[in-house]
Amino acid sequence: MPSAGLESQVVPEPPAWPQSVVTVVGNPRAGSRTAAAAASVAELLASELGTPYRIDELIDLVTFAPAIFQGNQASAEARAALESAVDLVSSASVIVLATPVYKGSYTGLLKSFLDVLRPSALAGAVVVPVTVSAAPSHKLLADQHLRPVLAELGASAPVPGVILEETDLEDLQVVLSPWVRTNAPIIQATTIALQPIAEPTPAR
């Protein structure tokens with residue numbers, strides 16, 4: 001019988017750790033208040049989550065909308081921006097996905113971008129919907145309409161969305177702080193749980 005000292009051992013690799021927090025804005029107006037609100041959510045959330053979560057770039061879909069709607073007929077620059085956005089979103093650990101409430105739902109710009117993504121492109125990602133509504137009676141609609149599409153793409157949405165009215169934008173940090181403190185631990189636990197388990201490496 002071989003001695004215990006000669007037996008092969010298996011040492012598990014540490015799990016891959018989430019890093020990228022990507023923000024996607026589906027407002028058809030560039031530089032919108034929706035974008036500013038989404039950036040604040042991402043910043044506060046990344047700060048609460050701490051290292052090694054980091055904020056990646058904000059993707060404002062309107063800046064390359066022709067590529068989303070026109071495909072190969074759009075300029076090379078717009079198509080390159082779309083490809084970059086798809087790559088960023090597909091590899092993100094946390095996605096802050098923001099839209100105004102537009103005619104009772106989220107915007108066609110955002111829906112068209114989500115349609116560009118491959119099936120299960122958001123598997124392994126936690127998505128935080130952020131919606132901004134002018135009318136209190138409509139403020140839940142965009143979030144409700146988004147969630148089935150996110151599930152179809154494989155995303156996890158374990159926490160309530162950030163549901164904002166336009167009046168909330170006047171003092172956004174006060175509105176967001178309780179949401180972030182309550183939900184950041186759930187987001188962190190979910191991102192860790194979604195990480196693929198690395199194959200064990202035999203010890204030398």
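Student: What is phi of K103 near?

Tutor: Phi of K103 is near 55°, which is a positive value in a residue other than glycine.

Student: And is K103 buried or exposed?

Tutor: K103 is exposed, with a relative accessible area of 82%. Buried means under 20% relative accessible area, exposed over 50%, and partly exposed in between (1.4 Å probe, protein chains only).

Student: Before I read too much into that, where do the numbers come from?

Tutor: This is a predicted model: local features need pLDDT of at least 70, side-chain atom pairs count only at pLDDT 80 or more, and totals for chains, interfaces and linings use all residues. Residues are numbered from 1 along each chain as its sequence is written, and side-chain values use heavy atoms, with hydrogens and water left out.

Student: Ok. Which loop is S120 in?

Tutor: S120 is in the loop between α4 and β5. S120 isn't a glycine, yet its phi is positive, about 65°. S120 is partly exposed, with a relative accessible area of 40%.

Student: Which residues of α1 are buried?

Tutor: T34, A35, A37, A38, V41, A42, L45, A46 and L49 are the buried residues of α1. They cover an arc of only 160° around the axis, so they sit on the same side of α1. The arc is that of the directions from the helix axis to the C-beta atoms.

Student: What do the buried residues of α1 pack against?

Tutor: They pack against β2 (20-25), β3 (54-60), β4 (94-100), β5 (126-133), β6 (162-165) and α6 (172-194). Contact means heavy atoms within 4.5 Å. The face of α1 turned away from its buried side carries the exposed residues E43 and S47.

Student: What follows α1?

Tutor: G50 does, and its phi is positive, near 80°.

Student: Now α3. Which of its residues are buried?

Tutor: In α3, the buried ones are A78, L82, A85, V86, L88 and V89. Their arc around the axis is only 165°, which puts them on the same side of α3. They pack against β2, β3, α2 (65-70), β4 and α4 (108-116). On the face turned away from the buried side, α3 carries exposed residues including E77, E83 and D87.

Student: And β5, how many of its residues are buried?

Tutor: 8 of its 8 residues are buried. V126, V128, V130 and V132 point one way from β5, while V127, P129, T131 and S133 point the other way.

Student: In which sense do β4 and β5 pair?

Tutor: Parallel, over 7 bridges, and V96 stands opposite V128 in β5. Two strands pair if DSSP finds at least two bridges between them. β4, α4 and β5 make a right-handed β-α-β unit. Right-handed means that, with the strands pointing away from the viewer, the path from the first strand over the helix to the second runs clockwise.

Student: How many bridges join β5 to β6?

Tutor: 4 bridges, and those strands run parallel. V130 has V162 in β6 as its bridge partner. The chain crosses from β5 through α5 (residues 141-152) to β6, and this β-α-β crossover is right-handed.

Conventions:
Helices (H or I, at least four residues) and strands (E, at least two) are DSSP runs, numbered from the N terminus.
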